[in-house]
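Student: I would like to learn how to read a ligand site and its annotated residues. Please take me through one case.

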Amino acid sequence: MSKFIIKGGETLSGEVNISSAKNAVLPIIAATILSGDKCVIENCPMLLDVFVITDLLKTLGAKINIDLLENKLEIDTSYVKCTDIDSELVRKMRGSFFIAGPMISRFGKVKMALPGGCNIGTRPVDLHLKGFKALGVNINIDHGFVEASTSKLLGSKIYLDFPSVGATENIIMASVLAEGETIIENAAEEPEVADLSNFLNKMGANISGIGTDRITIKGVKKLKGVTYRPIYDRIEVGTFMIAAVISKSLIKINGINEEHIKPIIAKLAEMGVCMEKYDNSLIVDGRRKLKPVDIKTMPYPGFPTDMQPQIMALLCCVDGTSVITETIFENRFMHVPEMTRMGANIKIDGRSAIIHGGTEFTGCSVKATDLRAGAALILLALAAEGETEVTDIYHVDRGYVSIEKKLQNLGADIKRM
Ligand code: EPZ
């Protein structure tokens, strides 16, 4: 099992180029099934999760060409058939459930294993299924499998009890070829949902209200293959912003969309961090004294849950008391015991973590429990005295392209063993 060895205390400098967003690319790859044609994804992040979903499409008959040099992914879904879906792959990555919507749209049916939960929560898909049923799909759940079928998809009005990102995306993909109009109320407004909608509209779909909590999809007859460049990864941007501040450095981050990182900029500015935007770059100066802040994770445009472990690592290093309330996932504090081993003073009280920051941090062996927890431990290791070993880093490789190379180029002392 590979691991990272990080020697703390180095000051960072220079520039880092951000990759495209994992959480935009996964639903977009699933959506290529709708075209029955050739699609090209440019600047595609070559991540473990991308390879899992492309492997899944290959089992269905898609032809995939991965160009690692050009970061280009070519997908031909002309020969995709409606066969049983490999459960092993679905269980390996929840994001595989994104193919349900496109398969129902194209073939009128799908049978696949329900995605399991993961460390951060039970991750149900009841809202996905509620949307499919509203579109006229019969749903049968048996022995951990979901079987969906319909003779005709009919547009409908759907209210989401929670603005679920995945449910919004799956319902959009299930309704783009339906007869009539579908309206999703209380839809997720995350930029990745908007990016999927823009990709589908480029293919010929008719989606409006993009980026708002009310999305209207007018069914069309056919979609065609296109070339598309997904948005930058706002969570990777936020992760490197924290890397600059936790190591008291000044760095330049290339590949940002200021709108997408507004909540992160707002909270770091509240802490006293200096930031300057130039075109699609951001200069972050973390060399000033910082103040503690309280954070509450919320659906977009609130503070992203995917940045919660990372900003916790930073608040551990800031004198004073900060409170983080995690409102999205019921078990997203798995990184707290690991941070405590390094010297953090954090008390968990229900969905809140009370952080008494400014303690000394010493390197030791810690375990990545999920993707963002792993990234947060790497960040804390940058500020810790001595050497830290982060194990189970396959979690980190799921969502960050060569994080150690990007940090090494900034001057961090990090090695992959
Ligand atoms: C997406 O997961 C992201 N993953 C997650 O990123 C991200 O944390 C999450 O959105 C929230 O922003 C991808 O896009 C691949 P949700 P998703 O449906 O779609 C409940 C990362 O680190 N819910 O918005 O699964 C659910 O239990 C990952 O990159 C239902 O109750 O998130 C959770 O409490 C982690 N029923 C809340 O909604 C449903 O049918 C948010 O889930 C669906 C969700």
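Tutor: Start with α5, which gives the most to the shell around the ligand: three residues. Helices (H or I, at least four residues) and strands (E, at least two) are DSSP runs, numbered from the N terminus. This is a predicted model, where local features need pLDDT of at least 70, side-chain atom pairs count only at pLDDT 80 or more, and totals for chains, interfaces and linings use all residues. Residues are numbered from 1 along each chain as its sequence is written, and side-chain values use heavy atoms, with hydrogens and water left out.

Student: How many residues surround the ligand, and which are the closest?

Tutor: A residue is near a molecule or strand if one of its heavy atoms lies within 4 Å of it. Here 22 residues surround the ligand. The closest are Asp126, Leu127, Ser164, Asp306 and Ile328.

Student: How do the residues of the shell divide into nonpolar, polar and charged?

Tutor: Ala, Val, Leu, Ile, Met, Phe, Trp, Tyr, Cys and Pro count as nonpolar; Asp, Glu, Lys and Arg as charged; the others, Gly among them, as polar. The shell around the ligand has ten nonpolar, five polar and seven charged residues.

Student: How much of the ligand does the protein bury?

Tutor: Accessible areas come from the Shrake-Rupley method with a 1.4 Å probe; for residues, only the protein chains shown count as cover. Taken alone, the ligand exposes 820 Å², and the protein buries 87% of that. The elements giving two or more residues to the shell are α1 (22–31), α5, α6 (165–175) and α12 (371–383).

Student: Which residues does the "binding site" annotation cover?

Tutor: UniProt positions are given in the numbering used here, feature names are shortened, and annotations may be inferred rather than shown by experiment. In the unreviewed UniProt entry, "binding site" covers Lys22 and Asn23. Lys22 lies in helix α1, and Asn23 is found in helix α1 too.

Student: Is Lys22 buried or exposed?

Tutor: Buried means under 20% relative accessible area, exposed over 50%, partly exposed in between (1.4 Å probe, protein chains only). Lys22 has 7%, so it counts as buried. Asn23 has 27%, so it is partly exposed.

Student: Where does Cys118 lie?

Tutor: Cys118 lies in the loop between β6 (109–113) and α5 (126–134). The unreviewed UniProt entry annotates Cys118 as "modified residue: 2-(S-cysteinyl)pyruvic acid O-phosphothioketal". Its relative accessibility is 35%, so Cys118 counts as partly exposed. Leaving aside neighbours within four places in sequence, Cys118 is in contact with Arg94 and Arg123.

Methods
Contact means heavy atoms within 4.5 Å.
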